[in-house]
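Reader: I am new to this structure. Please take me closely through a single part of it, then show me how that part sits in the whole.

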Amino acid sequence: MDKECCSTHLIDGDGNFNVEGVDIFMKEVKLTECGLSYAVVAIMGPQSSGKSTLMNHLFNTNFREMDAFKGRSQTTKGIWMARCVGMEPCTVVMDLEGTDGRERGEDDTAFEKQSSLFALAVSDIVLINMWCHDIGREQAANKPLLKTVFQVMMRLFSPRKTTLLFVIRDKTRTPLENLEPVLREDIQKIWDSVPKPEAHRETPLSDFFNVQVVALSSFEEREDQFREQVADLRKRFHQSIAPGGLAGDRRGVVPASGFSFSAQQIWKVIKENKDLDLPAHKVMVATVRCDEIANEKFSSFTENAEWRELEETVKTELVRGFGKKLTSIIDVCIKEYDYEATFFDEGVRTAKRKQLEDKLLQLVQPAYQSMLGHIRTGTLDKFKESFNKALNEGKGFSAAARDCTKLCMSQFDEEAEGVHVEQANWDASKVREKLIRDIDAHTESVQTAKLSELTSTYETKLNEALSAPVEALLDGASSDTWLAIRKLLQREKEKSVSGFSAALSGFEMDNSTKDKMVSKLETHARGIVEAKAKEEAGRVLIRMKDRFTTLFSHDSDSMPRVWSGKEDIRGITKTARAASLKLLSIMAAIRLEDDADNIENLLSLALMDPKAAASANKSITADPLASSSWDKIPTTRTLLTPVQCKSLWRQFKSETEYTVGQAISSQEASKRSNNWLPPPWAIVALFILGFNEFMTLLRNPLYLGVIFMGFLLAKALWVQLDVSNDFRLGVLPGLLSISTKFLPTVMNLMKKLAEEGTAAATPNPERNASSQSKSSPASSGVTSSDSAHNKTQ
């Protein structure tokens, strides 16, 4: 790193400019080749404030750092210069000797002023290192130094805008947002108090300086956090001279090749200037001593047990009597300062007193804000509770919100008065406004939720009241379907709007908003009907087939049809198709307005009677259904276009043809089954031609017995084979069916006859025994009669 950063002693402690060392430095870092693409960064600040440490970590340099174990003493003498490692563009950094060093004594601050003025003159960016707890001090914050530098710089040099980056070291818990305004205010006051030449009397500070502020944690106590913050700060120095970069106005920058000569001349002019004034000894002593007393009292206040207890308690809960307690603690601290600083310069004493009071108030302000936050939160919770209770009791929404808000705001004002600190000119107006906004936001959210719930309730009721009835009406489509739907919609809409308007009255909203919500509800009701109509239109083909099947397959008494041969299938088909076409015409468009249309006539003419349509439109060659819209029907109300209706009808006919064909086949089969006898002429011919055979049968009765037995066998086969039923479907199907059943039926019949014959031939023992018992008395009677006859003889 030593070779890369090339540390060089630019100006020694006696004020001698190292010309040779600067030339060597420029050659080693090749500064002359950079043209205008380079930046100069310097750091100034109190002695032993960690300037060199910051520069080494920020720019990867190797400036000598103070050894804390050897005591606090001067480390950097004069001005050192080095090159920043790993940064573009080429950046030259200067480490200045610390101000207020004891080695130079109390009366010799000329070199400090000269080196600071030199740094401001040659640098694009000047880092001013300062302790966080020194903000507000006269000396430690470099106020006299900056005042003198501002005045002399304007007199010696033409204006050049330089970036002043104030680096606040060892940042405390005080937010940077609170420290930065104080620092900027002090800088502006110094600028305003500096006497200016006539040419720059009205020139603002921003024309000379771009003031920025950054804060860093303690290197010794929080090294890791310090390194992270320095790494973030280093990123801001990359491309610092680019537009919008950290560097200020670059118009006065000399080329890099002339940097050495320019720096020599500037230092020469600064060395020859002898009118740099030092503050008066009395004022200096008063400034230092009053500052010490103020810091001592501030430290004593921060360690005060009562304050620390109050600070810890207020973080978690509300403290009663907070304002009086804190006012008393601050008053004791200020009185102790007044007692010890009584004999010092009044102006300095008063200024430091004001600074101490401001620091104390800045310290306690978070606790004050916490108290207000507790009060605001508690008041908001009370409002929510009372507001919900009022709504549950049935009170009007707006009236409940208005009364609860008034009550809670009066409670907030009363409690906020109890936390007021007398030394501070604070008020709770912002917190009060925040509470009002929170209450309004909660009220608005509850109102939105209530209105949403109310709207959802009535929309649900409308959905329940309309969906099922509309579906039923469309399913049983007739000429009065849409009239019934319009009446249903109007009735339910009026009923819902009446209840909805009554419910909205408690919100006390303006008429326009109320009308919009009512209109939205009416639109929702219409949307339910339209959505249901579109849903049913998607199932229109199924509905058409169901209607056709119902009318075609059932008679006027809803009994299933039996195709006996006497039914007019053509007429029944036409009637069923006309009913299905009626359903299609009703589902073709939404008719929520009482406007007549010719959709039904057009569909009937084009689909049911195309020949009549062709004769009626001889002059028109185009298909009347070859269109994507209906006449006088807007697209928004169209459910099925003419082209879609034609396609659906074609599909409907193709899917119902099978049903009609089945009916025709059944009717023909029925006719055939009823006419199985031969024609009458065939019977007469049979009788005439078979007369001889008939007479032969009469002369020989044995033939009649054989024929009778054959008739019985044929009849049995006829019944078993169910011949009449098989021939209902036609001759060929009947023959095929009988051929498959004939042999099994004959075998079954022969088997039954054989079983009956076997049963008749087999003797029954029980029957024989009973016959023998019956014949015994008879035989005994015969014997007795024979014996009696013999005796008589």
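Author: Start with Leu 584. Leu 584 touches Val 540, Met 544, Leu 603, Leu 640, Cys 645, Leu 648 and Trp 649, leaving aside residues up to four places away in sequence. A contact here means heavy atoms within 4.5 Å. This is a predicted model, in which local features need pLDDT of at least 70, side-chain atom pairs count only at pLDDT 80 or more, and totals for chains, interfaces and linings use all residues. Residues are numbered from 1 along each chain as its sequence is written, and side-chain values use heavy atoms, with hydrogens and water left out.

Now the core around it. Phe 301, Phe 322 and Leu 584 touch the most other members of the largest nonpolar core, which has 108 residues. A nonpolar core is a set of buried Ala, Val, Leu, Ile, Met, Phe, Trp, Tyr and Cys residues joined through side-chain atoms within 4.5 Å. Buried means under 20% relative accessible area, exposed over 50%, and partly exposed in between (1.4 Å probe, protein chains only). Helix 12 (residues 346–392) gives this core its largest share, 16 residues. Another core lies apart from it, with 54 residues, among them Leu 10, Phe 25, Ile 135 and Ile 190.

Next, helix 17, residues 540–553. Helices (H or I, at least four residues) and strands (E, at least two) are DSSP runs, numbered from the N terminus. Buried in helix 17 are Val 540, Leu 541, Arg 543, Met 544, Arg 547, Phe 548 and Phe 552. Seen down the helix axis, these buried residues fall within an arc of 160°, so they line one face of helix 17. That arc is taken over the directions from the helix axis to the C-beta atoms. Two of these residues, Val 540 and Met 544, are touched by Leu 584.

Then the whole chain. The protein chain has 27 helices and seven strands. Of its 793 residues, 40% are buried. Among contacts between residues at least 6 apart in sequence, 74% join residues at least 24 apart.

Last, confidence. pLDDT is the predictor's confidence in each residue, from 0 to 100. The chain's mean pLDDT is 79, and 83% of its residues reach 70 or more. Over residues 765–793, pLDDT stays under 50, and the model has one contact beyond four places in sequence for them. Residues 68–73 also stay under 50, with ten such contacts. Where pLDDT is low, the predicted coordinates should not be read in detail.

Terms used:
The expected span of a helix is 1.5 Å times one less than its number of residues.
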